[in-house]
Amino acid sequence: MPQVKIIAKNFMDMVASLPAMKLAKLYENEFICEAILRSLPPLAKKYVLQMLYLEVPVTGKMLEEWVLAEGFSKHKVAIDRLIQLRVFTETDDRKKETTYRLNPKFQTNLQKHLVHGGVLPREPMPPNVTVRLPSLEDLEAYALGQWECFLLQLISSAQAEKLTNFSSSMMKVFQRGLLTQRDKEAPRLTESGFQFLLMDTNAQLWYIMREYISNSEERGVDPADLISFLLELSFHVTGQAYNVNTLNEVQRSTIKDLADLGLVKLQQGRKESWFIPTKLATNLSVSLTDSSTRKQGFVVVETNFRLYAYSSSKLHGEILRLFARVEYELPNLIVSAITKESLYNAFENGITADQIISFLQQNAHARVAERMPSVPENVTDQVRLWESDMNRIEMTPAHFYDEFPSRDIFEGACDYARELGGLLWEDSKKMRLVVNTEIHLNMREFLRGQK
């Protein structure tokens with residue numbers, strides 16, 4: 001069965017893929033330089049800080065002396081990452097010795113930032129102007145509610161309680177690769193789409209933001225400017241209000257889209273309007289491996305294959321239906337069961353056993369999350385067994401031939417199919433054979449020649 005995997009890149013992967021000119025433009029912003037420094041592996045940070053005030057290149061041999069022998073693999077990873085982000089420039093001198101030096105623009109701006117500190121283009125608005133700002137708890141609930149509403153509309157607008165303000169063309173950008181539509185049929189989730197729903201919120205956000213950035217040029221927006229603004233946004237304080245008038249036209253359009261996704265909350269006062277960053281926005285520069293931003297678990301799995309999802313979210317119900325049979329729903333509880341039929345349906349849609357198990361483990365309820373294992377072993381073993389049982393048989397398009405006029409023609413056809421590498425099965429007694437579809441036309445021409 002073909003496996004489709006979505007790579008949900010983080011911002012640093014996007015930054016590394018930018019052309020050199022656009023990356024140089026990014027490094028003109030001191031906050032971008034700090035965000036890059038934060039994202040680096042510990043050893044790479046050490047190299048940057050040690051070379052921050054060096055004006056001469058450092059040889060590769062000297063860099064290797066800065067680390068113990070057992071840390072050489074980490075050293076190589078650090079150097080590769082620094083070169084990918086063009087923080088390091090690599091050259092060979094006359095002695096054919098490799099040397100490294102910091103990107104001059106990155107070096108200068110990072111020096112300024114560390115010595116003088118950075119000042120954001122906008123300061124939080126005073127409390128006497130903004131009244132009744134939402135609490136951090138209300139803001140987090142708003143962000144998750146907006147995100148779930150967006151995902152439901154992405155999958156099926158009929159399931160969403162309220163529609164987001166994205167245009168149809170923008171929704172198509174987000175749905176690209178996740179949905180497929182044939183003729184007048186309703187859109188259906190692709191294999192990537194099913195896998196996307198099983199990702200944690202942070203990974204889903206990165207997939208959507210990657211699509212948003214990669215298609216920015218179609219909207220007349222420079223990807224480098226968009227990445228710069230989004231990274232800058234991650235330095236704002238969660239729950240603080242910032243004046244919308246401090247944004248340029250492109251940033252105002254972007255902030256409206258981010259509000260639909262739940263990254264910011266927009267509010268209107270008597271004279272001023274402002275935006276309030278949520279955790280989704282301020283954690284934009286956090287690595288995907290950081291689990292601190294993931295939502296609280298809600299699933300309890302029992303040894304009898306029953307699932308109890310303590311949630312009132314429609315989205316959670318839709319996700320459980322991907323691989324389990326939902327038996328009944330209460331206002332804050334969804335009871336379902338993992339069955340062989342429900343899993344076979346999931347496997348046919350491209351979802352793997354490991355992805356289902358990972359989803360159940362990552363979303364385990366707090367009461368069972370600390371238990372080892374959080375999902376009973378008999379359940380995980382059976383899910384994997386059912387997957388292997390289904391994958392024992394591989395379907396291959398083929399053609400069946402019988403009623404040969406003579407044994408010589410039959411044996412000649414078998415030899416010909418064998419030479420082409422397309423003979424799948426033969427029955428010499430009844431003179432029947434099966435060949436791969438790829439050689440069907442060749443076989444037909446061969447048999448016509450025999451007649």
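Reader: How many aromatic pairs does the structure hold?
Author: The structure holds 13 aromatic pairs. Rings of Phe, Tyr and Trp (its six-membered ring) pair if their centres lie within 6.5 Å; planes under 30 degrees apart are stacked, over 60 edge-to-face, the rest tilted. This is a predicted model: local features need pLDDT of at least 70, side-chain atom pairs count only at pLDDT 80 or more, and totals for chains, interfaces and linings use all residues. Residues are numbered from 1 along each chain as its sequence is written, and side-chain values use heavy atoms, with hydrogens and water left out.

Reader: Why is the pair F196 and Y207 tilted?
Author: The ring planes of F196 and Y207 stand at 55 degrees, with centres 5.4 Å apart, so the pair counts as tilted.

Reader: Which helices hold them, F196 and Y207?
Author: F196 is in helix α10 (residues 191–198) and Y207 in helix α11 (residues 201–214), so the pair ties together parts 11 residues apart in sequence. Helices here are DSSP runs (H or I, at least four residues), numbered from the N terminus.

Reader: F196 and Y207: buried or exposed?
Author: Both F196 and Y207 are buried (under 20% relative accessible area, 1.4 Å probe, protein chains only).

Reader: Switching topic. Where does the charged end of K265 sit?
Author: Over the ring of Y142, 4.3 Å from its centre. The cut-offs: NZ of Lys or CZ of Arg within 6 Å of the ring centre and within 35 degrees of the ring normal.

Reader: And which ring does R219 lie over?
Author: R219 lies over the face of Y212, 4.2 Å from the ring centre. Y212 also joins W147, F150 and F174 in a cluster linked by ring pairs.

Technical notes:
Helix = DSSP H or I, 4+ residues; strand = E, 2+ residues; numbered from the N terminus. Buried < 20%, exposed > 50% of the residue type's maximum accessible area, 1.4 Å probe, protein only.
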